[in-house]
Amino acid sequence: MATAKPKILFVLSSHSAGWYLPEFAHPYGVLSPHTKVYIASPKGTSVVDPISVNLFKEDAYCQEFFNTKKDLWTTTERISSYLGRAKEFDVVFVVGGFGPMYDLATDTESIQLIREFHDANRIVVALCHGSGALVNVKLADGSPLLAGHRVTGFSNTEEEQATNNKIVPPGMPFSLEDELNKASNGLYEKATEAWSPHVIVEPSKKLLFGQNPASAQPLAEKLLEVLNG
């Protein structure tokens, strides 16, 4: 009898700033052949950051994904429809891009969803600015979910360089590095060189993080290793 495929719930931002093309495309490419994929967003729709489409125009898989998989993100289920259902899944994976900083970070349903997956002992994965969705998640005792855990996400150096190159939308709500460092009690970490891949798999194998776009594929590959035991 065939073993059922693990179920992954990808969470996308519904903010106009969007999600970053390689940060959904590459994890989807690595994971979808081996898992059953579900997709949710706060409003039931999402957009890809057009700047990321242009920046990754030489990435053949990203362009194929963008041109052939639009049904995945133009209409999604709402996050609210997955509340109370964490035990049906194996993983929640928060996709990066600037959008999560504006909506998922403070969206009460997104916060509840991540808390429910954590409490159900499911795997929580966040990539780049997707880690922003965890900064305000609190446990039953009121402590941050990230407290005492190594964590990564887009660094201040990367943010500054991206801003100088006019990649970052105006009015970013907070510094991701600073807030992750605060929520984790000083355990934020990053690659030695900006824009280089950096992936964290916590010893429990229930928390996985990737720093930036270059971390998308290696993070997905690490997650697949965890799922395969």
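This is a predicted model: local features need pLDDT of at least 70, side-chain atom pairs count only at pLDDT 80 or more; totals for chains, interfaces and linings use all residues.
## Helix H3

Helix H3 spans residues 60–68. Its buried residues are Cys62, Gln63, Phe65 and Phe66. These four lie on the same side of H3, because they cover an arc of only 160° around the axis. On the face turned away from that buried side, H3 carries the exposed residues Ala60, Asn67 and Thr68.

Three helices pack against the buried residues of H3: H1 (21–31), H2 (50–55) and H4 (71–74). At the start of H3, the backbone nitrogen of Tyr61 has a side-chain oxygen of Asp59 within 3.2 Å.

## The nonpolar core

In soluble globular proteins, nonpolar side chains tend to be buried together. In this model, the largest nonpolar core contains 72 residues. Phe24 and Phe93 are the residues with the most contacts inside that core.

Leaving aside residues up to four places away in sequence, Phe24 touches Phe10, Leu12, Trp19, Ile39, Phe65, Leu72, Trp73 and Val95. Among these contacts is Phe65, one of the buried residues of H3.

## Ala183

Ala183 belongs to helix H8, which covers residues 176–183. With a relative accessible area of 7%, Ala183 is buried, because the cut-off for a buried residue is under 20%.

Not counting residues up to four places away in sequence, the contacts of Ala183 are Val135, Pro144, Leu146 and Ala147. Pro144 is 39 residues from Ala183 along the chain, yet the C-alpha atoms of the two are separated by 5.8 Å.

Terms used
Residues are numbered from 1 along each chain as its sequence is written. Side-chain values use heavy atoms; hydrogens and water are left out. Buried means under 20% relative accessible area, exposed over 50%, partly exposed in between (1.4 Å probe, protein chains only). Helices (H or I, at least four residues) and strands (E, at least two) are DSSP runs, numbered from the N terminus. The arc is that of the directions from the helix axis to the C-beta atoms. Contact means heavy atoms within 4.5 Å. A polar contact is a pair of N or O atoms within 3.5 Å; within protein, one must be able to donate a hydrogen and the other to accept it, and residues adjacent in sequence count only if both atoms are side-chain atoms. A nonpolar core is a set of buried Ala, Val, Leu, Ile, Met, Phe, Trp, Tyr and Cys residues joined through side-chain atoms within 4.5 Å.
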